[in-house]
Amino acid sequence: MAFGSQEGLHALGLIVVLGVLANALALLMLSQLIQISSPVFATLTTYLIPLVALYWGYTDGEIIVAEEIFAMALILLSVYLVDRFETESTEDSVK
């Protein structure tokens with residue numbers, strides 16, 4: 001099956017639809033989570049996603065390399081810094 005074949009394009013289209021629908025559903029669920037809980041609790045899910053992905057990959061038998069762990073740590077650090085900066089700016093505007 002070549003990339004430009006009809007079956008290949010159909011499969012690519014289905015993957016795009018699945019990705020868009022999954023992301024839309026995840027965004028709706030996150031919005032609901034923020035409405036029924038606090039933003040701090042919702043932010044916790046952002047910290048847990050890379051850890052769950054790491055565990056899932058490990059249990060599935062995937063080989064996890066140092067670059068992937070470094071990338072996850074970088075993502076977690078970035079989320080932490082953004083959350084910290086936004087919290088400080090919100091506290092400053094309240095005072």
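**View 1. W56, an exposed residue in helix 2.** W56 sits in helix 2, where helices are DSSP runs of H or I with at least four residues, numbered from the N terminus. W56 has 61% relative accessibility, so it counts as exposed. The cut-offs go like this: buried is under 20% relative accessible area, exposed is over 50%, and partly exposed is in between, with a 1.4 Å probe and protein chains only. Keep in mind that this is a predicted model: local features need pLDDT of at least 70, side-chain atom pairs count only at pLDDT 80 or more, and totals for chains, interfaces and linings use all residues. Residues are numbered from 1 along each chain as its sequence is written, and side-chain values use heavy atoms, with hydrogens and water left out.

**View 2. A nonpolar patch that includes W56.** Patch residues have over 30% relative accessible area and no salt bridge; like charges are joined within 9 Å, and nonpolar side chains (Val, Leu, Ile, Met, Phe, Trp, Tyr) within 5 Å. A salt bridge, by the way, is a side-chain nitrogen of Lys or Arg within 4 Å of a carboxyl oxygen of Asp or Glu. Accessible areas come from the Shrake-Rupley method with a 1.4 Å probe, and for residues only the protein chains shown count as cover.

**View 3. Helix 1 meets helix 2.** Follow residues 6-36 (helix 1) and residues 39-59 (helix 2): their axes come within 7 Å and cross at roughly 140°. Those axes are lines fitted to C-alpha atoms, for helices over the stretch in contact, and the angles run from 0 to 180 degrees between N-to-C directions. On the helix 1 side you'll find L30, L33 and I34, which meet F41, A42 and T45 of helix 2; contact means heavy atoms within 4.5 Å.

**View 4. V40 and D83 across the chain.** V40 is another helix 2 residue, and it is exposed because its relative accessible area is 66%.

**View 5. I75 and P50.** I75 belongs to helix 3, residues 66-94. With a relative accessible area of 48%, I75 is partly exposed. P50 is 25 residues away from I75 in sequence, and their C-alpha atoms are 8.5 Å apart in space.

Notes: Helices (H or I, at least four residues) and strands (E, at least two) are DSSP runs, numbered from the N terminus.
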